[in-house]
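Here are some notes for a colleague who is looking at this structure for the first time. Please keep the sequence and the 3D view at hand while reading the points below.

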Amino acid sequence: MGKAKVVFVAASERAFKCPLSPQRIGRLDFEAEVANRQSVEWAHAATWDVVCLEQHEDAGRTWRDDVRQLRRVNQSVPIILLASPGSEQLAVEALRLGLGDYVSEPWSQETVQAAIRRCLSKEGTSTFAPDHNRTQVGGNRIVGSNSSMLRLKANLARVACADSTVLISGETGTGKELAAEFIHENSSRRDKPFVCINCAAIPDPLLESELFGHTKGAFTGAESLRDGLLAGADGGTIFLDEIGDMSLFAQAKILRVLETKEVFRLGATRRTQLNVRFVAATNRDLEGMTNSGAFRKDLYFRLNVVPIQLPPLRERQDDIPVLVEHYCLEYCEKKGGAPPRFSEECLNCFRGYDWPGNIRELKNVLESLFLDNIPAPFCPEHLPERIRRIVGQRSHLSSTERDLLIKVLSSEHWNKSKAAERLRWSRMTLYRKMAKYQIARSS
């Protein structure tokens with residue numbers, strides 16, 4: 001099998017800004033060529049394995065047009081955007097267009113080659129899937145095109161490339177384990193184990209044996225040498241789920257491993273070196289717990305190197321139709337049958353409910369609808385009684401709240417800061433309510 005073919009598309013006829021100049025191409029472990037976008041043969045893109053596209057913002061044609069041109073010829077080729085220094089919004093836009101990676105200046109030969117290798121190691125698939133609503137993560141998907149979800153996907157993709165410890169926070173059911181899987185599957189450790197440890201499920205008396213392992217005869221019943229969960233993840237990623245539910249005794253043991261990257265089997269006389277990445281998750285306020293003494297401050301600072309916050313479903317209700325479609329299709333693939341239809345009134349009920357159990361609760365409700373064998377389309381009367389009751393109450397309150405909001409905005413001459421202060425809301429809450437009730441100054 002020959003070398004992979006990588007094409008570098010420069011913004012103009014001037015010298016290519018990227019450090020991978022033609023003089024260096026001969027020393028790379030892939031076949032590469034450089035062309036400017038005016039002379040590049042787009043028709044040959046079907047034979048390319050990776051495209052490195054230099055960002056340009058010309059009035060007549062931008063890098064976005066080049067991406068669309070490429071996709072018409074080759075829908076699967078990974079595209080790496082070599083961008084000038086910019087905002088996070090540019091990374092989000094690259095994500096939406098289905099780019100394989102995003103590297104901003106100052107570029108280096110090492111960072112660009114690393115991005116190329118990541119794309120090639122996925123055998124032509126991209127870190128950001130071409131369907132920007134769904135990003136493939138192992139056998140699962142992170143679903144959503146809400147702005148907060150696009151920022152989350154961009155953040156996860158960047159974090160995955162590093163090897164830092166990550167702390168994922170979010171309410172129950174928001175997909176913390178899915179985010180941890182995304183980080184692992186898009187990291188250099190993807191071919192090594194991903195070991196999930198439920199921190200709330202291991203009692204203190206069994207903790208050391210379960211995590212660190214034991215030697216033969218270390219205690220009554222230890223009839224053979226046993227590796228613990230930590231050693232079983234060597235080279236890969238350890239996911240510490242619900243780290244906030246660990247006892248102080250267990251926290252001290254985990255802190256020691258984070259500091260030394262060593263494990264000590266029960267009954268052993270020598271330590272074993274550990275090569276792992278730690279990703280932790282919690283639905284609790286760890287910072288508040290450190291103030292009350294329920295969580296160790298030193299462990300919190302060790303874990304909170306790269307914080308990731310997952311948004312609750314109530315803050316991304318515009319994603320609900322996409323989520324409903326996705327999980328219905330997923331269920332149909334498993335059980336058979338045609339995808340169901342939902343009335344607009346039913347989807348409005350979904351949008352009007354707060355979903356305290358988040359995506360997990362939504363999936364449970366959809367599954368219960370399938371099991372009831374209700375003829376399509378699903379309507380509000382088919383939904384659980386608690387959802388109908390809460391949505392009905394909120395519908396009455398919403399009309400009152402909308403009138404109040406318009407009244408306050410009008411009295412403050414549409415000064416949003418003063419209106420938010422009078423209502424004792426944050427500005428973000430005010431904007432969210434205005435969007436929810438479709439309030440503009442013309443109202």
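1. At roughly what angle do the axes of helix 12 and helix 14 cross? In this predicted model, the axes of helix 12 (residues 320–335) and helix 14 (residues 358–371) come within 10 Å and cross at roughly 50 degrees. An angle between 35 and 65 degrees falls in the oblique class, and helix 12 and helix 14 are therefore oblique to each other.

2. The crossing of helix 12 with helix 14 is right-handed. On the side of helix 12, the contact is made by Leu323, Val324, Tyr327, Cys328, Glu330, Tyr331 and Cys332, while helix 14 contributes Ile359, Leu362, Lys363, Leu366, Glu367, Phe370 and Leu371. Sorted by class, this contact has 11 nonpolar and 3 charged residues, with no polar ones.

3. Aromatic pairs number 7 in the structure. In one of them, the ring centres of Tyr331 and Phe370 are 4.5 Å apart and the planes stand at 35 degrees, so the pair is tilted. This pair links distant parts of the chain, since Tyr331 lies in helix 12 and Phe370 in helix 14, 39 residues apart. Both Tyr331 and Phe370 are buried.

4. Phe350 and Trp355 form another tilted aromatic pair, with 5.6 Å from centre to centre and 40 degrees between the planes. Phe350 has a relative accessible area of 0% and is therefore buried, and Trp355, at 0% relative accessibility, also counts as buried.

5. Phe350 and Trp355 also belong to a cluster, in which ring pairs link them with Phe342, Tyr353 and Phe378.

How values were computed. Residues numbered from 1 in each chain as written. Predicted model: local features only at pLDDT ≥ 70, side-chain atom pairs only at ≥ 80, totals over all residues. Heavy atoms only, no water. Axes fitted to C-alpha atoms, helices over the stretch in contact; angles between N-to-C directions. Helix = DSSP H or I, 4+ residues; strand = E, 2+ residues; numbered from the N terminus. Parallel < 35°, antiparallel > 145°, perpendicular 65-115°, else oblique. Left-handed = near helix turned anticlockwise from the far one by under 90°. Contact = heavy atoms within 4.5 Å. Nonpolar A, V, L, I, M, F, W, Y, C, P; charged D, E, K, R; others polar. Phe/Tyr/Trp six-rings, centres within 6.5 Å; stacked < 30°, edge-to-face > 60°. Buried < 20%, exposed > 50% of the residue type's maximum accessible area, 1.4 Å probe, protein only.
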